[in-house]
Amino acid sequence: GHSNAALLARRAAAVPRGLASATPVFADRAENAELWDVEGNRYIDFVGGIAVLNTGHRHPNVVAAAKAQEDHYTHTSFQVVQYEPYVALAERLNALAPGDQPKKTLLVTTGAEAVENAVKIARAATGRPGIIAFGGAYHGRTLMTLGLTGKVSPYKKDVGPFPAAIYRAPFPSKRDGISVADALTGLQNLLLTDAQPEHVAAIIIEPVLGEGGYLPVPFEMLQELRQLCDAHGILLIADEIQTGFGRTGKWFAIEHSGVVPDLVTVAKSMAGGYPLAGVIGRADIMDRLEPGGLGGTYGGNPVACAAALAAIDAIESEGLLARSTALGAYLHERFSDIAARVAPDHIWDIRGLGAMVAVEFVTDMDSAEPDASLTRAICAHALQRGLILLTCGMYGNVIRVMVPLTASDAIIDEGLASFEAALTDAIA
Ligand code: PMP
């Protein structure tokens, strides 16, 4: 059979280094929140393919829906021969997304592609070029979305220049001493110094900063952004690619604030493990591009649409929004307890929204220096103990939890016990 080491050697020779992998593990099979590698080792998966598996690996209804679709057709291109699952999913998303206004949905394949299309739609609808994004934001790896992404290394390093008319506003952060008032002042200054408001099409924001460190945007900030957008005719885009489909205890994280965005980008957990993404938005805005102005050969693949309809049904019928809220509260409680007993001088913050929870590590509480090497060591020890973890944050010193919402209490507790043991090992 294959060993992880033998596959890693083949991978090193065949796949570029620029594609980094967080573990040296090669998958054999997976089920809900568990994964087995090619050597038969078992893992608890707290990462879920980077927030894709809110309904778990191979949710039985998602797999069944995809298989049933495969027996009919797997691809026609919606641009050539249309199919009902695309329309059904668009209807479902239009009903789920925040706000009562008429909505329409464009389906694409990846999160970055969703953000690219949201930018195109916002520009066409407003006749304006400018887009404002925030420090620490992550919106993807294509050139427009990299331009919007607010972190140089490793994402933007050596691959610019990026498109014009992208502006950066400060993101509120306790670590950087930026309050909501400071962030809003920074944004107002941006409109005075560089970004002429009548030339700004949209402000794009993750309601909880994802790759940038699992920092929830205070609700009053989202409300202020909505007012500022309305005052200047600027569209508000909520990037819900990581936060959507129950991760924060609601379908979309921005719902916690009561703010209704003009456009929402979605991907990841929408389709329970299949590549699918979309832009949901106000119908009048979504309809502004001429026929042919939007598209892509694979956009809204029928197998992925069938999977998404089943994943959305599962979130609803299994009560996963309530589960997310309860799981989030439990994770906070357990991480706080572990911090107090095991690492009082190294855990600087525990935060999140719903089950989108993260723990931030420092060298010591006095200096509050980000400790990326401790964070890496915890992940490495956790992997040895059969727990898959992933970091995030501008300084790589945050561990985030994206465990399937379908995971049993026993699996969550087993994972937390491995986390505690790994933390103990890493500090020793
Ligand atoms: N936006 C956000 C908020 C994301 O978290 C991600 C992926 N981590 C993306 C966009 C890009 O999605 P994809 O990797 O599917 O292109």
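Helices (H or I, at least four residues) and strands (E, at least two) are DSSP runs, numbered from the N terminus.

**Entry: ground rules.** I'm looking at a predicted model, where local features need pLDDT of at least 70, side-chain atom pairs count only at pLDDT 80 or more, and totals for chains, interfaces and linings use all residues. I number residues from 1 along each chain as its sequence is written.

**Entry: confidence.** I checked pLDDT, the predictor's confidence in each residue, from 0 to 100. The chain averages 98, and 100% of the residues score at least 70. I also noted an ipTM of 1.00 and a pTM of 0.99.

**Entry: the ligand.** Which residues are the closest to the ligand? I counted a residue as near if its C-beta atom, placed from the backbone, lies within 6 Å of the molecule. There are 15 residues around the ligand, and Thr110, Gly111, Ala112, Ile241 and Gln242 are the closest. Helix α5, residues 111-126, gives the most to this shell, with 3 residues. For classes, I used Ala, Val, Leu, Ile, Met, Phe, Trp, Tyr, Cys and Pro as nonpolar, Asp, Glu, Lys and Arg as charged, and the others, Gly among them, as polar. The shell then splits into 6 nonpolar, 6 polar and 3 charged residues.

**Entry: how I describe helix pairs.** Two packed helices are described by the angle between their axes and the distance between the axes. My axes are lines fitted to C-alpha atoms, for helices over the stretch in contact, and angles run from 0 to 180 degrees between N-to-C directions. Angles under 35 degrees count as roughly parallel, over 145 as roughly antiparallel, 65 to 115 as roughly perpendicular and the rest as oblique. A crossing is left-handed if the near helix is turned anticlockwise from the far one by less than a right angle, and right-handed if clockwise. Two residues are in contact if their C-beta atoms, placed from the backbone, lie within 7 Å.

**Entry: α3 and α11.** I found that the axes of α3 (residues 60-70) and α11 (residues 302-317) come within 8 Å and cross at roughly 150°. These two are therefore roughly antiparallel, and the crossing is right-handed. Among the residues in contact are Ala65 and Gln69 of α3 and Ala306 and Asp313 of α11. By class, I get 12 nonpolar, 2 polar and 2 charged residues in the contact of α3 with α11.

**Entry: α8 and α9.** Here the axes of α8 (residues 180-193) and α9 (residues 219-232) come within 10 Å and cross at roughly 25°. That makes α8 roughly parallel to α9. α8 passes α9 in a right-handed crossing. On the α8 side I see Val180, Ala183 and Leu184, which meet Glu220, Met221 and Glu224 in α9. This contact has 4 nonpolar, no polar and 2 charged residues.

Entry: Where is Pro154? I found Pro154 in helix α7 (residues 152-156), and the peptide bond from Ser153 to Pro154 is cis, with omega near 5°. The bond from Gly160 to Pro161 is cis, with omega near 5°, and Pro161 sits in the loop between α7 and β6 (166-169). Asp158 is found in the loop between α7 and β6. Its phi is near 70°, a positive value in a residue other than glycine.
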